[in-house]
Amino acid sequence: MWDPSQYEQFRDARKRPFFELLARVPPSTAGLVADLGCGTGDLTLSLAERWSTARLLGVDSSESMISEALRRPAPERVRFELADLARWAPPAPLDVLVSNAALHWLPDHAALLTRLVGLLAPGGVLAFQVPANFEEPSHRRIDEVRALPRFAPALAAVRRGHSESLAFYEARLSALGLSVDAWETAYLHVLPGEDAVLQWLLGTTLRPVLAALGPEEGQAFLDTLRPLLRQDYPASPHGTPFLFRRRFIVAVRPSAS
């Protein structure tokens with residue numbers, strides 16, 4: 001379903017939130033670090049630079065993404081594996097668990113947070129970033145086209161990404177006993193190229209939609225969506241402005257007494 005080359009078309013814009021998230025993770029030593037939803041693995045390798053003696057686990061549910069990650073030269077202490085993000089468990093408690101733009105694909109974030117916290121060692125850190133753009137014109141237009149009689153039956157079971165509010169994440173993680181740093185950032189990306197917002201969405205949000213529709217109906221879906229996005233996101237001489245909000249959480253589990 002995932003296409004690494006399409007995803008990396010806007011790689012600089014997509015990786016910036018990762019480093020802004022990582023900058024708020026408290027300095028510490030770590031023995032075992034995981035990147036949940038590691039994609040092509042390049043950002044996982046940056047974790048190996050920060051925690052220079054830790055074992056690193058990069059986990060993704062996409063075979064094509066993991067195949068790309070496995071092609072990268074990496075230290076022996078870095079391992080990539082294909083697994084269901086909702087069920088994966090590490091071989092030992094984690095000192096740091098990072099997830100960049102992946103958890104929004106998983107349901108029931110209340111139960112998910114409980115499970116992820118349970119994977120942490122005492123003093124461990126859960127740091128994640130999720131898109132918060134689901135009510136913006138880009139996603140509302142996708143929902144509008146999804147609801148058309150031509151496409152709705154085939155897409156009824158295709159999960160729409162979602163994120164909860166900052167207050168939800170803070171309350172849930174605080175109730176689990178963690179100290180929480182939570183914030184939201186709105187990025188104004190100015191995207192180059194023709195139909196730039198559509199090209200961005202083709203790297204992420206539209207992947208499960210197109211996989212469910214198949215080539216012919218998928219192309220019809222894009223042909224319906226394209227003029228709507230052009231209307232909502234007019235191109236300027238220097239690119240297409242695209243506002244994108246993201247939510248960030250860094251939560252620290254108490255150390256053992």
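The model is predicted, with local features requiring pLDDT of at least 70 and side-chain atom pairs counted only at pLDDT 80 or more, while totals for chains, interfaces and linings use all residues. Residues are numbered from 1 along each chain as its sequence is written, and side-chain values use heavy atoms, with hydrogens and water left out.

Helices (H or I, at least four residues) and strands (E, at least two) are DSSP runs, numbered from the N terminus. An open sheet of seven strands shows mixed pairing and the order S3-S2-S1-S4-S5-S7-S6, where two strands pair if DSSP finds at least two bridges between them. Strand S3 (78-82) and strand S6 (179-191) are the edge strands, each pairing on one side only. On average, neighbouring strands of the sheet are turned by 15° against each other, direction ignored. Axes are lines fitted to C-alpha atoms, for helices over the stretch in contact, and angles run from 0 to 180 degrees between N-to-C directions. In general, strands of a sheet pair through backbone hydrogen bonds, either parallel or antiparallel.

Strand S4 (residues 94-100) runs parallel to strand S5 (residues 120-131), and six bridges join the two. Strand S1 (residues 32-36) is also parallel to S4, to which three bridges join it. Leu-97 of S4 is the bridge partner of Ala-34, and the partner of Leu-97 in S5 is Leu-126. Ser-99 stands opposite Phe-128 in S5. S4 is mostly covered, with six of its seven residues buried; buried means under 20% relative accessible area, exposed over 50%, and partly exposed in between (1.4 Å probe, protein chains only).

Leu-126 lies in strand S5 and is buried, its relative accessible area being 1%. Not counting residues up to four places away in sequence, Leu-126 touches Leu-97, Leu-113, Leu-116, Val-117, Leu-120, Leu-173, Ile-249, Val-250 and Ala-251, a contact being defined by heavy atoms within 4.5 Å. Leu-126 and Ile-249 are separated by 123 residues in sequence and by 7.7 Å in space, C-alpha to C-alpha.

The loop between S4 and helix H5 (109-117) contains Ala-101, and Asp-108 is found in the loop between S4 and H5 as well. Ala-101 is not a glycine, yet has a positive phi of about 55°. For Asp-108, also a residue other than glycine, phi is positive and near 50°. Ala-101 has a relative accessible area of 21% and is therefore partly exposed. Asp-108, with a relative accessible area of 48%, is likewise partly exposed.

Helix H6 (residues 137-146) packs against helix H10 (residues 207-232) at an angle of about 130°, with the axes 9 Å apart. The angle makes H6 oblique to H10; angles under 35 degrees count as roughly parallel, over 145 as roughly antiparallel, 65 to 115 as roughly perpendicular and the rest as oblique. H6 passes H10 in a right-handed crossing, where a crossing is left-handed if the near helix is turned anticlockwise from the far one by less than a right angle, and right-handed if clockwise. On the H6 side, the contact is formed by Pro-137, Ser-138, Arg-141, Ile-142, Glu-144, Val-145 and Arg-146, which meet Val-209, Phe-221, Thr-224, Leu-225, Leu-228, Leu-229, Gln-231 and Asp-232 of H10. The residues of this contact of H6 with H10 comprise eight nonpolar, three polar and four charged. Ala, Val, Leu, Ile, Met, Phe, Trp, Tyr, Cys and Pro count as nonpolar, Asp, Glu, Lys and Arg as charged, and the others, Gly among them, as polar.

The axes of helix H2 (residues 11-22) and helix H3 (residues 42-50) come within 11 Å and cross at roughly 30°. H2 is therefore roughly parallel to H3, and the crossing of H2 and H3 is right-handed. Arg-11, Lys-15, Phe-18, Phe-19 and Leu-22 of H2 make the contact with Asp-42, Leu-43, Ser-46, Leu-47 and Arg-50 of H3. The residues in the contact of H2 with H3 divide into five nonpolar, one polar and four charged.

Thr-44 is also found in H3. Thr-44 counts as buried because its relative accessibility is 0%. Beyond its neighbours within four places in sequence, Thr-44 is in contact with Asp-35, Cys-38, Leu-56, Gly-58 and Phe-80.
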